[in-house]
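User: I'd like to go through this chain with you, one question at a time. Can you take me from the overall fold down to single residues?

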Amino acid sequence: LTYEIAGSLREKKTLVIWLFDASLSLNARRNAIADRFANIYKQLGQVEVGGNGALKTAIASFGERTTIMTPKPLVDVKKIVAAIRNIEPDESGKEFVFSAVAEVANKWKPYRTKQKHNVMIIIVTDERGDDYAGKEAMIHKLDKYGMRVY
């Protein structure tokens with residue numbers, strides 16, 4: 001992922017939206033990723049991309065509903081890690097991943113359409129989602145906006 005983010009930053013300013021599955025089964029993985037965030041951003045600094053606010057990060061989670069953890073994108077790694085660690089586990093057993101992708105894409109669409117940033121959505125989950133039927137509509141929307149999903 002560091003390589004993908006660096007490649008995007010070489011093109012233009014980039015907003016990375018991390019979309020975390022809030023289910024209990026992903027709790028350990030979320031914490032492991034939070035532990036690695038400082039290293040990812042340090043590596044980006046070593047390849048001299050992402051400086052001067054070129055890299056912004058947003059955090060959201062999903063389960064039965066989508067929760068925006070960072071109303072505005074962040075550049076401070078400590079605040080990003082804190083947002084990940086503050087994700088409340090969702091005990092509903094529902095994983096509406098495609099609804100969540102659509103919601104974050106709509107929320108941060110101006111970064112792509114008006115500010116001309118690259119926008120990357122990174123989904124962290126262990127399920128295909130309970131709203132799998134919405135996959136095609138979501139793909140069409142993201143294609144229209146030029147947003148990449150990982």
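User: Where is the place of E95?

Analyst: This is a predicted model, where local features need pLDDT of at least 70 and side-chain atom pairs pLDDT 80 or more, while totals for chains, interfaces and linings use all residues. Residues are numbered from 1 along each chain as its sequence is written, and side-chain values use heavy atoms, with hydrogens and water left out. Helices (DSSP runs of H or I, at least four residues) and strands (E, at least two) are numbered from the N terminus. On that numbering, E95 sits in the loop between α3 and α4 (97–107).

User: Which side chain of opposite charge is nearest to E95, and how far away is it?

Analyst: E95 is buried, meaning under 20% relative accessible area, with exposed over 50% and partly exposed in between (1.4 Å probe, protein chains only). It has no salt bridge, which would take a side-chain nitrogen of Lys or Arg within 4 Å of a carboxyl oxygen of Asp or Glu. Lys and Arg count as positive, Asp and Glu as negative, and His and the chain ends are not counted. The nearest opposite charge is on R30, at 8.1 Å.

User: Which side chain does a polar contact join to that of E95?

Analyst: Leaving out residues up to four places away in sequence, E95 touches D21, S23, F62 and D126, among others; contact means heavy atoms within 4.5 Å. A polar contact is a pair of N or O atoms within 3.5 Å; within protein, one must be able to donate a hydrogen and the other to accept it, and sequence-adjacent residues count only if both atoms are side-chain atoms. At 3.2 Å, the partner is S23.

User: Is Q43 buried, partly exposed or exposed?

Analyst: Q43 lies in helix α2. Its relative accessibility is 31%, so Q43 counts as partly exposed.

User: How many helices and strands are there in the chain?

Analyst: From the N terminus on, the elements run α-β-α-β-β-α-α-α-β-α-β. That makes 6 helices and 5 strands.
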